[in-house]
Amino acid sequence: MAIVTGGAQGLGLEYADRLLRAGARVAVVDVAHEAAVVAAAELGRRCGEDRVLAHTCDVSDETAVAAMVQLVTDSWSGPLILVNNAGGALLPSAPVESFSRAEWDRVLAVNLSGVWLCAKAVVPSMRADGYGKIVNITSTMVSKGWPVGLAPYIAAKAGVVGLTRALAKELGPDGIRVNAIAPGYVPVVTKKAVHKPDAAAALRERIAGEQCLPRTQVPADLAGSIEFLSSADSDFVTGQVLNVDGGWTFG
Ligand SMILES: NC(=O)c1ccc[n+]([C@@H]2O[C@H](COP(=O)([O-])OP(=O)(O)OC[C@H]3O[C@@H](n4cnc5c(N)ncnc54)[C@H](O)[C@@H]3O)[C@@H](O)[C@H]2O)c1
C-alpha cells in the first residue's frame, strides 16, 4: 500500500497511476479536496475502486497527517510505501529580501516539515513491519542554486536531501529505506504562476539545452524511478538522491 502526498495533480498523479499499475493500493492524499476525489475516481475506474482512496490532508498539519496515516493503515495491510511529493515553490519568483517571514515559513512548512511529519507518522507502522519505503522529492535546483528568485523553495528542498540521509541512517536498522529523487524542470498544467509565461518558456528552453538529453522533461520520465525506489528491486539502496533530469546535473 502506498501513500502519495500531493497525488491529486501534476507529478503526484503520475506517481499514483504508476504505483497502481505496479500492483499497489494507493491513497491519493492532497490538500485540494475536489482534485483528490476526481483523481481517485478516475484511477479507481481504471485500476479498481477498492485499490484507491482519496484523502484530504495538509501535510504541514501534524494532527491531520497522523489521522491520514491511521486511516490508510486501518484500511489496508501489507508493506507501506510513502511518496512524499506534496509541495512546490508555492510563491511567485521574487528577490530574496522581498519574502515575508510568513511566506518563508509556509514554503518550509509544506516542502520540508511536511516531509518530516509524514515520515514521522508512518515510521511506527514500518518499524512494526521491519520494512518500509520512503521516497522524498527534492529538486535539481538544489545542485544549481538556481533559478534566482526561489530561495525559500531551494532551501526547503536542500533540507529534504539532509532529512533523507538522516532518516536513512537512523531507520536503516529497522528495514526502512529512505531515498529521494530530484526532478529537473517539468512543466505541469497545474503549476502555479511561479514564473511569468515568457520567463517560464525561456527557462524551459535554457534547461533543455543544458541537459545531456536536450528535450523538455515530462512527468512520465519520473514514474519509473518512483516505482523502482518503492519496490523490492531497490532494497539495498538507501540514503540516495537520484537525479532524474536528462543529465542536467552530474555528481
Ligand atoms: N514540476 C517540476 O518541475 C518539479 C521539479 C522538481 C521538483 N518538483 C517537486 O515535485 C512535487 C510535485 O510538483 P508538481 O510540479 O507536480 O506540482 P503541482 O502543483 O502540480 O502538484 C503539487 C500537488 O501538491 C498538492 N499540495 C500542495 N500543498 C500541499 C499541502 N500542504 N498538503 C497536501 N498537498 C499539497 C497540490 O494541491 C498539488 O496537487 C513538488 O514537491 C515539487 O516541488 C517539481
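Let me start with a definition: helices here are DSSP runs of H or I with at least four residues, strands are DSSP runs of E with at least two, and both are numbered from the N terminus. With that in hand, Asp 50 sits in the loop between helix 2 (33–47) and strand 3 (52–56).

Two notes before we go on, everyone. This is a predicted model, where local features need pLDDT of at least 70, side-chain atom pairs count only at pLDDT 80 or more, and totals for chains, interfaces and linings use all residues. Residues are numbered from 1 along each chain as its sequence is written.

Back to Asp 50: is it buried or exposed? We call a residue buried if 20 or more other C-beta atoms lie within 10 Å of its own, exposed if 12 or fewer, and partly exposed in between, with C-beta atoms placed from the backbone. Asp 50 has 10 other C-beta atoms within 10 Å, so it is exposed.

Now compare Gly 12, which is found in helix 1. Gly 12 has 28 C-beta neighbours inside 10 Å, so it counts as buried. Leaving out residues up to four places away in sequence, Gly 12 touches Val 4, Thr 5, Gly 6, Gly 7 and Asn 85; contact means C-beta atoms, placed from the backbone, within 7 Å. Asn 85 is 73 residues away from Gly 12 along the chain, yet their C-alpha atoms are separated by 6.1 Å.

On to the ligand. How many residues surround it? There are 28, and the closest are Gly 6, Gly 10, Leu 11, Ala 86 and Gly 87; the test is a C-beta atom, placed from the backbone, within 6 Å. Helix 1 (10–21) and helix 4 (101–129) are the elements that give two or more residues to this shell, and helix 1 gives the most, with 3 residues. The shell divides into 13 nonpolar, 12 polar and 3 charged residues. Nonpolar here covers Ala, Val, Leu, Ile, Met, Phe, Trp, Tyr, Cys and Pro, charged covers Asp, Glu, Lys and Arg, and the others, Gly among them, are polar.

Helix 4 also has a helix partner. Helix 3 (residues 62–75) packs with helix 4 at an angle of about 35 degrees, and their axes are 9 Å apart. Those axes are lines fitted to C-alpha atoms over the stretch in contact, and angles run from 0 to 180 degrees between N-to-C directions. Helix 3 contributes Glu 62, Val 65, Ala 66, Val 69 and Thr 73 to the contact, while helix 4 contributes Leu 117, Cys 118, Ala 121, Val 122 and Ser 125. By class, the residues of this contact are 7 nonpolar, 2 polar and 1 charged.

Next, two backbone details. Most residues other than glycine have a negative phi, and most peptide bonds are trans. Leu 90, in the loop between strand 4 (81–84) and helix 4, has a positive phi, near 65 degrees. Trp 146 and Pro 147 are joined by a cis peptide bond, with omega about 5 degrees. You can find Pro 147 in the loop between helix 5 (141–144) and helix 6 (151–171).

Finally, the whole chain: the protein chain has 8 helices and 7 strands, and buried residues make up 45% of its 251 residues. Its C-alpha trace spans about 45 × 40 × 40 Å along the principal axes.

Note on methods. Two residues are in contact if their C-beta atoms, placed from the backbone, lie within 7 Å.
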